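Colleague: I am new to this structure. Please take me closely through one part of it, the packing, and keep the rest of the chain as background.

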Amino acid sequence: MMPVLMGISISWLICYLLTINNVLPSNPAQYGHQARTDLKGNVVSDASWFTFPYPGQWGMPTVSLAGVFGLMAGIICSMAESVGDYHACAKLSGAPPPPKHAINRGIGVEGLGSLLAGAFGTGNGTTSFSENVAILGITKVGSRMVIFTSGVLMVLMGILGKIGAVFTTIPEPVVGGMFLVMFGVISAAGVSNLQFTDMNSSRTIFIFGFSLFSALVIPDWLHKYPESLNTGVPVIDQVLTILLSTHMFVGGFFGFFLDNTIPGNRQERGFVWEREEHAEVSETSSNNLYELPLGITSFLSAYSWVRFLPFCPWKGENTDPGSVVQRQPDEDLCDGGEGAGNSHTHF
């Protein structure tokens, strides 16, 4: 991440120096005008020092059937990505795979964050970010306190209006260059999730290639020929247009459908990596690691109704074979391997 931040800062500074020295043209028709840092006028001086956002400050949210289905398509894709991010985060931190109640809490908090984002009118939802998960493998720091501190800083940046106004002066060419790197890394991080599947299998290659190509061409075809989708019911046409115009939905739908309909073994589908990576993890360490803070788990464990809360652990919970992998008697595992001693690592 540091080269990206340095590239933005240095490019931004160069554009500022070229702007104050009138090197960049002031005529919008000339090449290089978009690189000026004063295109937003006096946005920094006009911005207030403190801004307290509140729900409905930009007007009441509007709800439409097409909008709901379109956002649901993005949310479903985001949920699938988040589950992969949770497991990747645990793997990079040397922790056991997250159990079902921990995954449910993560998805629930993302939904709550998206709900608050919609109420505040930010125009974006809340989800996990694959690049930040990859930073764990680079920095070797898997502390919750780092994430908490980052969240506090982001909240302060949203309240301090001057800081937000300063970032709006970043020229569009600098932002475009940043997108080339950032979205390139995001795309590569998404493809890297397929490393646990058998990419030598013609089944896996077909599913991946067909889903990826469909996600590229179907929305483009619908954009060029919108009149080709006509069922006679305007509401259905609107919903289908939103869904088929969403690249993530098209690719995710075909990938999900084909992966669950074309026969394939567990190795081809990528379901065997957990046993290889977390063979030394016990159920006890997993349950202790993902308990609720401040002794909430111990307090709630006395009540039987807790088992009906999908986001809360309870002591009578059965072992989840999909999230906790125990050693098999017939497996030849080395007790002094790299994974030894990592069962109590917090992330």
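Modeller: Among contacts in the protein chain between residues at least 6 apart in sequence, 73% join residues at least 24 apart. Bear in mind that this is a predicted model. The protein chain has 347 residues, of which 27% count as buried. It is built with 15 helices and zero strands.

Some background from the record comes next. An unreviewed UniProt entry lists residues 58–77, 145–167, 173–192, 204–223 and 235–258 under "transmembrane region". In the model, the span 58–77 is 65% helix and 0% strand, and its end C-alpha atoms lie 28 Å apart. For residues 173–192 the end C-alpha atoms are also 28 Å apart, and that stretch is 100% helix and 0% strand.

Now to the packing, starting with α3. Two packed helices are described by the angle between their axes and the distance between the axes. Helix α4 covers residues 100–120, and α3 packs against α4 at an angle of about 135 degrees, with the axes 10 Å apart. The two helices α3 and α4 are therefore oblique to each other. Their crossing is right-handed. On the α3 side, the contact is made by I75, S78, M79, S82, V83, Y86 and H87, and on the α4 side by I103, G106, I107, E110 and S114.

Helix α3 also holds D85. With a relative accessible area of 4%, D85 is buried. Leaving aside residues up to four places away in sequence, D85 touches S128, F129, S130 and V133.

Helix α10 spans residues 234–244, and its buried residues are D237, V239 and L243. Seen down the axis of α10, these buried residues fall within an arc of 165 degrees, so they line one face of the helix. The buried residues of α10 pack against α3, which runs over residues 65–93, and against α11, which runs over residues 247–261.

Helix α11 in turn packs with α9, which covers residues 202–224; the axes of α9 and α11 come within 8 Å and cross at roughly 155 degrees. Angles over 145 degrees count as roughly antiparallel, and that makes α9 roughly antiparallel to α11. The crossing of α9 and α11 is right-handed. From α9, the contact is made by R203, F206, I207, F210, S211, S214, A215, L216, I218 and P219. From α11, it is made by H247, V250, G251, F254, G255, L258 and D259.

For contrast, here is a residue in a loop. N22 sits in the loop between α1 (2–20) and α2 (43–46). Although N22 is not a glycine, it has a positive phi of about 55 degrees. N22 is exposed, with a relative accessible area of 59%, whereas D85 is buried.

To put the part together: α3 packs with α4, and the buried residues of α10 pack against both α3 and α11. Helix α11 also crosses α9.

Technical notes:
Residues are numbered from 1 along each chain as its sequence is written. This is a predicted model: local features need pLDDT of at least 70, side-chain atom pairs count only at pLDDT 80 or more; totals for chains, interfaces and linings use all residues. Side-chain values use heavy atoms; hydrogens and water are left out. UniProt positions are given in the numbering used here, feature names are shortened, and annotations may be inferred rather than shown by experiment. Helices (H or I, at least four residues) and strands (E, at least two) are DSSP runs, numbered from the N terminus. Buried means under 20% relative accessible area, exposed over 50%, partly exposed in between (1.4 Å probe, protein chains only). The arc is that of the directions from the helix axis to the C-beta atoms. Contact means heavy atoms within 4.5 Å. Axes are lines fitted to C-alpha atoms, for helices over the stretch in contact, and angles run from 0 to 180 degrees between N-to-C directions. Angles under 35 degrees count as roughly parallel, over 145 as roughly antiparallel, 65 to 115 as roughly perpendicular and the rest as oblique. A crossing is left-handed if the near helix is turned anticlockwise from the far one by less than a right angle, and right-handed if clockwise.
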